[in-house]
2 protein chains.
Amino acid sequence: MNNFIYHNPTQLVFGKGQIARLPKLIPADKRILITFGGGSARRNGVYDQVVRALEGRTFFEFWGIEANPSVETLRKAVALGKEQHVDFLLAVGGGSVIDGTKLIAAGLLYDGDPWDLVLRGSSSHTVPLASVLTMAATGSEMNNGAVISRYETREKYAFYGNYPVFSILDPETLFTLPKRQIACGLADTFVHVLEQYLTTPGQSRLMDRWAEGILHTVVEIAPKALGETRDYATMSEYMLSATLALNDMIRMGVTQDWATHMIGHELTALHGLTHGATLAIVINGTLRTLRDQKHGKLLQFGERIWGISEGSEEERIDRTIERTEAFFRSLGLSTRLSQEGIGEATIAEIERRFNASGVHHGEAQNVDGAMARRILEACL
Amino acid sequence: MNNFIYHNPTQLVFGKGQIARLPKLIPADKRILITFGGGSARRNGVYDQVVRALEGRTFFEFWGIEANPSVETLRKAVALGKEQHVDFLLAVGGGSVIDGTKLIAAGLLYDGDPWDLVLRGSSSHTVPLASVLTMAATGSEMNNGAVISRYETREKYAFYGNYPVFSILDPETLFTLPKRQIACGLADTFVHVLEQYLTTPGQSRLMDRWAEGILHTVVEIAPKALGETRDYATMSEYMLSATLALNDMIRMGVTQDWATHMIGHELTALHGLTHGATLAIVINGTLRTLRDQKHGKLLQFGERIWGISEGSEEERIDRTIERTEAFFRSLGLSTRLSQEGIGEATIAEIERRFNASGVHHGEAQNVDGAMARRILEACL
């Protein structure tokens with residue numbers, strides 16, 4: 001086990017009716033900016049619940065943080081927040097709204113352009129932020145990470161701000177989500193775990209088990225989560241799985257990969273494809289291309305998650321990779337670039353960008369432009 | 001899944017050499033009281049590491065917090081801390097030292113007798129405390145619980161204070177532990193999980209998996225952990241398992257039991273038996289006595305942890321309970337009261353105490369004096 005520091009101060013407030021706790025969770029003297037996405041919070045009743053809970057408090061609203069939040073939009077929120085002397089941010093939405101709000105929280109205490117902070121990569125000098133989650137996928141509600149886009153230049157980078165002070169997770173808010181969003185959320189959750197699990201074997205038995213615990217849960221609940229009716233127990237497991245998949249709890253003392261994510265981000269930047277949907281494609285290329293490097297863990301993953309224990313090791317790995325792709329297909333998602341009309345032009349551009357950045361991604365830091373090309377060609 | 005609030009702010013600093021980080025973790029202006037147990041910290045070199053790390057800082061030492069820390073001892077530490085205007089506590093030791101330090105932290109800000117606070121059950125008005133863990137078992141390093149004894153009256157009660165600000169876990173500090181202490185630590189860890197897992201089935205797939213992940217890990221590492229040589233990987237898994245078994249991470253949204261603990265505490269109070277050793281006995285009586293109530297979870301536990309899947313349900317439960325007792329025996333611990341020379345007199349006294357308290361323990365709140373007697377008779 002490697003040395004590590006774990007420190008996740010976010011308070012998780014989970015369950016039905018918990019939005020009503022907002023006035024107890026936000027100090028009474030705060031000037032609050034509530035940030036929203038495109039309007040689903042109005043349709044699903046969450047907006048009404050939040051406004052009712054905060055009656056009598058000083059708050060302002062900022063609407064329109066888009067999927068894959070852009071610095072262009074966030075600059076406007078920062079301007080509004082500065083103008084109103086806001087000192088608390090409440091993100092109401094999914095990962096994109098919370099991600100964007102992490103940059104707003106830093107931007108409020110920064111004199112220059114928020115994009116400077118993105119290029120710098122991190123800033124922990126922020127006003128406090130919190131969230132009411134309405135879409136389970138990214139884990140942003142209980143980590144300090146964000147991914148921010150710049151549309152002018154089609155760039156998309158990771159940014160690390162602060163952890164939310166609290167996050168309210170009411171599974172009932174997921175009942176009105178379109179099926180495709182749940183599918184992408186499940187894929188995102190699954191691949192978040194794989195990025196922290198399909199690495200060098202033998203680092204931590206306990207972290208392996210916890211990662212596998214989330215994978216088992218996602219596999220078991222997926223059919224019901226995507227069914228015609230929504231039940232509370234299933235939505236609870238889905239919501240909690242998504243949060244625990246990326247809140248540092250399954251990465252204590254172990255290495256991580258994230259190459260699939262880095263390639264996926266480029267697909268989103270270039271084609272606007274939903275994050276989870278990019279991962280459901282790219283992961284298959286990653287596993288096929290890096291199967292030797294991930295040999296031991298692929299065997300363990302195949303045996304423990306898919307029950308594949310017969311045949312030679314290479315046969316078992318073949319079947320494990322096939323079974324994994326079949327799982328993403330069962331969610332109703334594309335697993336090949338060609339299904340999304342993506343081909344050589346995009347591969348060439350991503351290869352160029354990876355080479356230009358000079359950064360080598362992945363656990364073994366061997367995912368450069370050429371390797372990114374091989375991975376993408378393996379999921380054409 | 002039940003509604004829940006999870007909020008664990010402790011910073012976990014894990015790995016070899018991490019004690020040297022102390023000066024970065026404790027603000028420079030703090031007047032520190034370092035609390036120790038009986039002297040093992042001197043023998044295993046941890047004392048030297050701590051003192052070297054804190055060179056130039058203002059600190060005082062309090063030695064002698066005993067196993068099952070007593071208010072009689074802790075009163076003296078509170079007096080010393082008040083006299084020296086201490087505003088930060090650093091516990092260096094195992095669960096007993098950290099438990100005791102949680103009461104000292106509250107006692108320093110309280111004018112009366114610390115025992116008042118124990119009788120009140122909790123106090124979050126404390127000076128900040130932190131820990132350097134040297135014995136893995138209780139999870140006290142990452143929770144806010146403590147168990148405090150009063151020798152004059154042979155009483156022992158739970159007390160809830162604050163979470164440590166940080167806890168340093170260096171697995172190398174466990175290398176010199178006597179084998180019996182490791183055995184008790186493994187038993188304690190295992191039963192902590194069972195208290196949160198062997199309850200009503202179907203509450204959370206994910207929490208079940210995480211609980212089972214710790215059980216698997218403990219079972220797998222036990223032979224090596226108790227072997228003649230100590231290796232870092234095994235001690236790391238043991239140390240992390242003990243912490244994650246009781247830091248709120250496996251109890252999100254699920255019910256808990258703790259009746260075994262309540263009975264075990266009485267055995268410690270009356271006979272001075274080590275906490276983990278009491279659990280390795282009482283749990284067997286609990287499972288035999290409450291087998292119908294725990295039917296569904298015993299089947300799941302038997303199948304997933306011990307691989308017991310053949311035979312009728314009652315046969316499987318029989319074998320699961322036998323296999324669990326065999327596991328505790330394999331640690332070299334007693335699993336029957338008679339092995340410790342404990343019999344009817346003690347059972348009668350515990351029955352009397354449970355009846356006198358009027359509290360009904362356990363998930364179903366059905367463990368009163370009569371049920372405690374049945375449980376104890378079932379592990380005679």
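**Close-up views of a two-chain predicted model**

View 1. A:Pro9 is the residue of chain A that comes closest to the rotation axis, with its C-alpha at 2.3 Å. Chain A is superposed on chain B by a rotation of 180 degrees with 0.0 Å of shift along the axis, and the RMSD is 0.0 Å. The two copies are therefore related as by a two-fold rotation axis. The superposition is by least squares on the C-alpha atoms of residues with pLDDT of at least 70 in both copies. Both copies use the same surface, since 100% of the contact residues of chain A recur in chain B; contact means heavy atoms within 4.5 Å.

This is a predicted model, in which local features need pLDDT of at least 70 and side-chain atom pairs count only at pLDDT 80 or more, while totals for chains, interfaces and linings use all residues. Residues are numbered from 1 along each chain as its sequence is written, chains are lettered from A and ligands numbered from 1 in the order in which they are written, and side-chain values use heavy atoms, with hydrogens and water left out.

View 2. Strand β7 (residues 145–150) and strand β8 (residues 155–160) of chain B pair in the antiparallel sense over six bridges. Pairing requires at least two bridges found by DSSP between the strands. Strands (E, at least two residues) and helices (H or I, at least four) are DSSP runs, numbered from the N terminus. Within this pair, B:Ala146 stands opposite B:Phe159 of β8(B). Four residues lie between the strands of the hairpin, where B:Arg154 takes a positive phi near 55 degrees.

**View 3. Two loop residues of chain B with positive phi.** Most residues other than glycine have a negative phi. B:His85 has a phi near 50 degrees and sits in the loop between α4 (71–83) and β5 (88–93) of chain B. B:His85 is exposed, at a relative accessible area of 60%. B:Gln365, also not a glycine, has a positive phi of about 50 degrees; its place is in the loop between α14 (344–357) and α15 (369–377) of chain B. B:Gln365 is exposed too, at 57%. Exposed means over 50% relative accessible area, buried under 20%, and partly exposed in between (1.4 Å probe, protein chains only).

**View 4. Salt bridges.** Over all chains there are 46 salt bridges, each a side-chain nitrogen of Lys or Arg within 4 Å of a carboxyl oxygen of Asp or Glu. A:Glu228 and A:Lys179 meet in one at 3.0 Å, N to O. A:Glu228 lies in the loop between α8 (205–225) and α9 (232–244) and A:Lys179 in helix α7 (residues 179–197), so the pair ties together parts of chain A that are 49 residues apart in sequence. A:Glu228 is exposed, at 70%, and A:Lys179 is partly exposed, at 39%. In chain B, the closest N and O atoms of B:Glu351 and B:Arg373 are 2.6 Å apart. This pair joins helices α14 and α15 of chain B, and both residues are buried.

View 5. With a disulfide taken as two cysteine sulfur atoms within 2.5 Å, the count over all chains is zero. A:Cys379 is in none, as the nearest cysteine sulfur, that of A:Cys184, is 16 Å away. A:Cys379 is buried, at a relative accessible area of 0%.
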